[in-house]
Amino acid sequence: MTDLARRIRGRTTREIAAAIESAARDGALKGGGRLPTVRGLAETLGVSPATVAAAYKELRRRGVLVARGRQGTRLSHVPRLPRGAHDELPTGARNLRDGNPDPALLPSMAKALRRIDATPHLYGGAASLPALQKLVAKDLLDEGVRVGGIAFVSGAMDGIERVLAEELHPGDCVAVEDPCFGNVHEVVLARGLVPLAVPIDDEGVLPDGVERALAQGARALIVTPRAQNPYGSAFTPARAKALRAILRTRPDVVVIEDDHASLITRAELAPIHVDSRRWAHVRSLSKGLNPDLRLAALTGDDETMRRVEARQRVGERWVSHVLQRIAVELLSDASVRRGLRKAADTYVERREALLAALATEGVRAFGRSGYNVWIPVESESATIAALLARGFAVAPGERFRMQSAPAVRATTATLAPRDAKLFARELAAATRAVSSAPSV
Ligand SMILES: Cc1ncc(COP(=O)(O)O)c(C=O)c1O
């Protein structure tokens, strides 16, 4: 009996499912790890195969397990662990881990709060504020997005989840970047969808990876056109063209673009939805203006927008006009726009300073846009521990990866170029320490 099979105990569906989740939580079962067959586990536990099958089904429905045909039932690649005490930042450690923007580079909301119109917005009114739609539409059109109706949602992730909920059914496959923002994986899994990993490079998802995922049955493709988190990719016009050519042959596929960092990135947008029949483009306003705004603009083809807006109308109803009015004040303020451009320039400077410092130390790293840098390593946990001992906290690649190789993510949002040199030296030393440690 394997260690894993020994860990899974229980006589009822609920007990077996709980034991599998607990094995996943404490690492006995790793992301991608294979579970015993239904029949095998039923025999070990002395229960009927139907009881085990029901436990697996329940965990698949919740996205904890995925069934991959002849490859059997596996734990989802993303660790679905509640972020717990181990996530607390050790005292004194420099935080390059949490992916936040630099608070000093967010526009002040004080003036906007003083100026917003306080007239009550009543039930039955329009969900979207026309003044905000107009401002966003101009930005989108200027950057080559095909603008359909514009709805406002509670952040980019909320927009993505709403589109998935309307367009796909549990069990459907979705092509996602690998590595990818962990919340995207989590949302896909939580909706009972099956993520298919598409490798990326500096220019975004690889066309042959997209073709492979579509051939495997992906019904949607979620991409980050620039400031890819964690890798930093940004579509080049050539890559976007190659992807559009593939998508033209598959009009049934829903293309979802997550332009989460549009307001604070210098990389040009090269959209890939422009020839697609089913598409959505979501643009976070939170990331650049203030994460606490929880606001994003969503546009897409008429059918998608009709469905998303109809559903929103009966549930959430609308995103508070107080928030929409704040966004109008901020986006129509020339000094805020100047500040956003300055923030984008500062992020370029900080990211490039770290890439240069790492290159000087002979460390390979990636980060074509945005403020994250992706650093391949031999062992994530050993590198993280060695770096923590040297005073720096970075994020484990495990939170973002499916099949791609181990790495850590360093967020440079608040890392001044001078400190980048120090961090690069410490990282190089940590890497050497990890490589020379005797293996056990
Ligand atoms: C790729 C990506 N998408 C979406 C988001 C979240 O955006 P929002 O705050 O609008 O939900 C983030 C936040 O870091 C992100 O990295």
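Helix H7 (residues 156–167) packs against helix H12 (residues 302–314) at an angle of about 105 degrees, and their axes sit 9 Å apart. That makes H7 and H12 roughly perpendicular to each other, since angles of 65 to 115 degrees fall in that class. Bear in mind that this is a predicted model.

**H7 against H12**

- On the H7 side, the contact uses Arg162, Val163, Glu166 and Glu167.
- Facing them from H12 are Thr304, Arg307, Val308, Arg311 and Gln312.
- Sort the residues of this contact by type and you get five charged, two polar and two nonpolar.

**H7 against H8**

- H7 also has helix H8 (residues 182–190) as a partner, with the two axes coming within 10 Å and crossing at roughly 30 degrees.
- An angle under 35 degrees counts as roughly parallel, so that is the label for H7 and H8.
- The crossing of H7 past H8 is right-handed.
- H7 brings Met157, Ile160, Glu161 and Leu164 to this contact, while H8 supplies Asn183, Val184, Val187 and Val188.
- By type, the contact of H7 with H8 has six nonpolar residues, one polar and one charged.

**H8 and what covers it**

- Which residues of H8 are buried? They are Val184, His185, Val187, Val188 and Leu189.
- The cover over those buried residues includes H7, along with strand S5 (173–178), S6 and strand S8 (218–223).
- After H8 comes glycine 192, which has a positive phi, near 75 degrees.

**Arginine 191**

- You'll find arginine 191 in the loop between H8 and strand S6 (194–201).
- Is arginine 191 buried or partly exposed? It counts as partly exposed, because it has 18 C-beta neighbours inside 10 Å, and the buried class needs 20 or more.
- Apart from neighbours within four places in sequence, arginine 191 touches Leu164, Ala165 and Pro170. Leu164 also turns up among the H7 residues that meet H8.
- Arginine 191 is 91 residues from asparagine 100 in sequence, and their C-alpha atoms are 26 Å apart in space.

**Valine 52**

- Valine 52 belongs to helix H4 (residues 49–61).
- With 27 other C-beta atoms within 10 Å, valine 52 is buried, because the cut-off is 20 or more.
- Once neighbours within four places in sequence are set aside, valine 52 is in contact with Ile16, Val38, Leu41, Ala42 and Val47.
- Valine 52 and arginine 39 are 13 residues apart in sequence, with 8.0 Å between their C-alpha atoms.

**The whole protein**

- The protein has 16 helices and 15 strands.
- For 440 residues, a compact globule would have a radius of gyration near 22 Å, so the 23 Å of this protein agrees.
- Along the principal axes, the C-alpha atoms fill a box of roughly 65 × 55 × 45 Å.
- Of the 440 residues, 47% are buried.
- Take the contacts with a separation of 6 or more: 72% of them are between residues 24 or more positions apart.

Methods
Residues are numbered from 1 along each chain as its sequence is written. This is a predicted model: local features need pLDDT of at least 70, side-chain atom pairs count only at pLDDT 80 or more; totals for chains, interfaces and linings use all residues. Helices (H or I, at least four residues) and strands (E, at least two) are DSSP runs, numbered from the N terminus. The radius of gyration is taken over C-alpha atoms; the globule rule is 2.2 Å times the number of residues to the power 0.38. A residue is buried if 20 or more other C-beta atoms lie within 10 Å of its own, exposed if 12 or fewer, and partly exposed in between; C-beta atoms are placed from the backbone. Two residues are in contact if their C-beta atoms, placed from the backbone, lie within 7 Å. Axes are lines fitted to C-alpha atoms, for helices over the stretch in contact, and angles run from 0 to 180 degrees between N-to-C directions. Angles under 35 degrees count as roughly parallel, over 145 as roughly antiparallel, 65 to 115 as roughly perpendicular and the rest as oblique. Ala, Val, Leu, Ile, Met, Phe, Trp, Tyr, Cys and Pro count as nonpolar, Asp, Glu, Lys and Arg as charged, and the others, Gly among them, as polar. A crossing is left-handed if the near helix is turned anticlockwise from the far one by less than a right angle, and right-handed if clockwise.
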